[in-house]
Amino acid sequence: MSEPGSLPVPPVAVWAVMRRPWRFLGSWWPWRCWAYLGSGFPLGYAVLMALVLLVGLGVLLAVAGVGLLLLLAAVAGAVPLGELERRRLRWAEPVPVTDPHASLAGAGAAAWLRTRLRERATWREFGYAALLGTVFGAAGFGVLALLAFSLLLVVSPVVVWALAPEPVMLIPGRAVAGPLEALGGTAVGLAGLVLAAYAGALIAGAQVKTARLLLGPREEDGRVLELTRSRIRLVEAFEAERRRIERDLHDGAQQQLVALSMTLGLAELRLRRIPEAAEAAALVGRGRAEAKLALEQLRDLVRGIHPQVLTDHGLAAAVAEVALRHPVPVTVDLGHLPRLPEPVETTAYFTVTEALANAAKHSGASHVGVAGRVEGDRLTLTVTDDGRGGAEPGAGAGMAGLADRVAMLQGRLTVSSPVGGPTELRVEVPCSG
C-alpha cells in the first residue's frame with residue numbers, strides 16, 4: 001500500500017526484519033539504525049538552528065525587503081538537504097529514493113531558483129527539513145542517550161572493579177558493594193540495548209516512510225518522467241524513420257535514376273548514328289542531363305537527411321566536410337572529440353549546420369568558428385561568427401526546432417547576438433543516456 005499521491009514503494013526493510021527478533025538482534029540492522037539516527041541528530045540540530053535563524057529573521061526583516069531573500073534561502077536550502085538525505089537514507093534502507101526534481105543541467109542560478117520554487121518537491125523537502133530539525137533529530141538523540149546509558153550499565157562490573165575501593169552508585173543513594181552486585185546492572189543494560197535496538201529500528205523505519213513520502217517522486221513527478229521518456233522515444237522513432245527513408249531513397253529512387261540515365265545515354269548514342277534523328281538525339285541528351293541533375297539533387301537531399309560520414313567517422317569529420325563546402329571560411333576545432341551516442345551526434349551536427357546556414361544567409365560574416373569539447377559526460381559546442389549580429393533566436397522556426405530537439409536530450413541551446421556582433425550559438429548536451 002503506497003501513500004496517497006506517491007508512486008508504489010516496497011515495504012520498509014528494517015520493519016520486515018524485525019518480525020524475526022533473533023535474526024534482527026544478531027544482524028547489522030540495529031547498528032545501521034543507530035548510525036543513521038546518530039548522524040541525523042547533529043544534522044537535525046544544525047537544520048533546526050538554520051531554520052530558526054533564516055525564517056525568524058526573514059519574518060522580522062520582511063518589511064525591509066531583506067527578509068524575503070532569507071525566506072527564499074530557507075526554502076532553496078531544502079533542495080540540497082533533500083539530496084543529502086536521499087543519500088544518507090541508504091544506511092537504513094537498501095532501496096534508494098529517486099530524485100523527484102526535473103533536470104536543470106547547465107541552467108543559471110536564477111533559472112534554477114525559479115524552477116525549484118515552482119516545484120512541489122521543493123516544498124515537500126522544506127517540510128521534511130522542519131521534521132528533521134524537530135521530531136527526528138530529538139528522537140535520534142533519545143535513542144542515542146538510551147544506547148549510551150545501556151552500554152554503561154553493561155560494563156558496570158568492570159567500572160566497579162576499576163574504581164574500587166571508591167564507592168560506585170548505579171542507583172542514586174545506594175553504593176554497589178562489588179563487581180558481583182553490579183551484574184544486575186549488566187542485566188538491565190542488556191535489556192536496555194534490546195530496547196534501544198527496537199526503538200532505533202522503529203524510528204528509523206518511520207523516518208524512511210517519511211522520506212519516501214516527502215523526498216521521493218509523486219504521481220505528478222512520474223508523469224513528468226514518463227513525458228520525458230516519451231519525448232526520447234519520439235526522437236528514436238524519428239531517427240528510425242529517417243534511416244528508412246534514406247535507405248529507400250538510396251536503394252530505390254537513386255538506382256532508378258542511374259538506370260534511367262544509362263538508358264538515355266545508350267539511346268542517345270544510337271540516335272546520333274541516324275542522320276534523320278539528330279533532333280530526337282538532342283532531346284534525349286537533354287533528358288539525360290536532367291536525369292543527372294535530378295540524381296545530384298537527390299544525393300544532396302540524402303546527404304542532408306543524414307550524412308554517411310557522420311555515421312562512419314563521427315561528428316568532427318561530418319562538420320569538417322560541411323565547412324569545406326561552406327561559402328564563408330570556417331575554422332573547425334573538434335579534433336579531440338570521441339565518438340558519442342548517435343542522438344547526441346545527430347543533434348549536434350544539425351545544430352552546427354543550421355548555425356552555419358544562418359551565418360551564410362543573414363550575418364554578413366567573413367569568418368565562422370566551430371569549437372567543441374567533452375567535459376565529464378557533457379558535450380559543449382560553440383559556433384561564432386564575426387557578422388553584424390542582432391539575430392533574433394525566436395524569429396526562425398529552424399532554431400526553435402533545434403532548441404526543442406536539444407531540450408529532448410535534456411540539453412540547452414543559447415544564442416548571444418548583440419548588435420554589431422559577434423554572434424555565438426552555444427549547445428550543451430549530456431552524453432549519457
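This report looks at one helix, a surface patch and the cysteines of a predicted model.

## Helix H3

Helix H3 covers residues 29-60. How far apart are the end C-alpha atoms of H3? They are 45 Å apart. At 1.5 Å a residue, its 32 residues should span 46 Å, so the two values agree.

## Buried residues of H3

Which residues of H3 are buried? Among them are Trp 29, Pro 30, Cys 33, Trp 34, Tyr 36 and Leu 37. The list also includes Gly 40, Leu 43, Gly 44 and Val 47. Leu 51 and Gly 58 are buried as well.

An α-helix has 3.6 residues a turn, so residues three or four places apart point the same way.

## A nonpolar surface patch

Five residues are named in a nonpolar patch on the surface: Leu 53, Leu 57, Leu 60, Leu 61 and Val 66. Together they have about 450 Å² of accessible area. H3 gives the largest share of the patch, three residues.

Leu 57 lies in helix H3. Is Leu 57 buried or partly exposed? Its relative accessibility is 36%, so Leu 57 counts as partly exposed. Buried would mean under 20%.

## Cysteines

How many disulfides does the model have? The count is zero. A disulfide is a covalent bond between the sulfur atoms of two cysteines.

Cys 33 has a relative accessible area of 0%, so this residue is buried. Cys 431 is at 13% and therefore counts as buried.

Technical notes: Residues are numbered from 1 along each chain as its sequence is written. This is a predicted model: local features need pLDDT of at least 70, side-chain atom pairs count only at pLDDT 80 or more; totals for chains, interfaces and linings use all residues. Side-chain values use heavy atoms; hydrogens and water are left out. A disulfide is a pair of cysteine sulfur atoms within 2.5 Å. Buried means under 20% relative accessible area, exposed over 50%, partly exposed in between (1.4 Å probe, protein chains only). Patches are made of residues with over 30% relative accessible area and no salt bridge: like charges are joined within 9 Å, nonpolar side chains (Val, Leu, Ile, Met, Phe, Trp, Tyr) within 5 Å. Accessible areas come from the Shrake-Rupley method with a 1.4 Å probe; for residues, only the protein chains shown count as cover. A salt bridge is a side-chain nitrogen of Lys or Arg within 4 Å of a carboxyl oxygen of Asp or Glu. Helices (H or I, at least four residues) and strands (E, at least two) are DSSP runs, numbered from the N terminus. The expected span of a helix is 1.5 Å times one less than its number of residues.
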